[in-house]
Amino acid sequence: NLFVSSSVGGMAKIWDMRASNKAIMTFRVRGNQDMNDLDTTKWFIDGEGIITGGADGVIRLFDMKCYAQINEYNIENMEGVTCVDVSYSGRYIYGSYDGEGKVCMFNTLSGEKILNMQHPNRVGTLAVSPNGQALATGAWDAILRMYA
């Protein structure tokens with residue numbers, strides 16, 4: 001009965017459809033006011049956290065139990081994040097970026113970039129398969145790429 005939303009203004013909100021029309025939790029992104037829009041949000045695999053991607057090129061992991069940001073995944077000079085997802089185990093976080101056609105894989109705990117998957121065009125979407133065995137990416141060149 002919970003869902004998450006993200007917005008211009010750097011806020012991710014958690015809503016409970018059984019409750020009133022007010023969010024039950026709000027996470028705020030700190031930083032440059034012009035670049036803190038959140039463009040994508042995804043539940044973490046355990047349902048106790050959320051992953052956000054913003055116009056500032058930073059992916060953030062928020063935890064509902066401690067009500068705080070617990071890690072961030074950043075690459076120098078990257079454009080905005082278009083899509084995020086998490087591996088079946090929760091060990092890796094994936095993000096796609098505007099402009100350069102990049103998809104990056106990060107270690108969830110350390111924040112270290114593990115892999116860079118280059119595409120010839122902007123990547124608009126990505127998703128981890130339900131069994132966790134593959135990653136699919138969709139780019140503006142109309143090609144679906146599968147990584148296993």
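The model is a predicted one. The chain has a mean pLDDT of 89, and 97% of its residues reach 70 or more. In the chain, confidence is lowest in strand 1, residues 2-7, with a mean of 89. Confidence is highest in strand 6, at 95.

Now the rings. How many aromatic pairs does the structure hold? There are four. I will go through two of them.

Take F27 and F62. Their ring centres are 4.9 Å apart and their planes stand at 35°, so this pair is tilted. To be called stacked, the planes would have to be under 30 degrees apart. The pair links distant parts of the chain. F27 sits in strand 3, residues 25-28, while F62 sits in strand 6, residues 58-63. That puts the two residues 35 apart. Are they buried or exposed? Both F27 and F62 are buried.

The next pair is Y73 and F106. Here the ring centres lie 5.6 Å apart with the planes at 50°, so this pair is tilted. Y73 belongs to strand 7, residues 68-74, and F106 belongs to strand 10, residues 102-107.

Definitions and conventions: Residues numbered from 1 in each chain as written. Predicted model: local features only at pLDDT ≥ 70, side-chain atom pairs only at ≥ 80, totals over all residues. Heavy atoms only, no water. Phe/Tyr/Trp six-rings, centres within 6.5 Å; stacked < 30°, edge-to-face > 60°. Helix = DSSP H or I, 4+ residues; strand = E, 2+ residues; numbered from the N terminus. Buried < 20%, exposed > 50% of the residue type's maximum accessible area, 1.4 Å probe, protein only. pLDDT = per-residue confidence, 0-100.
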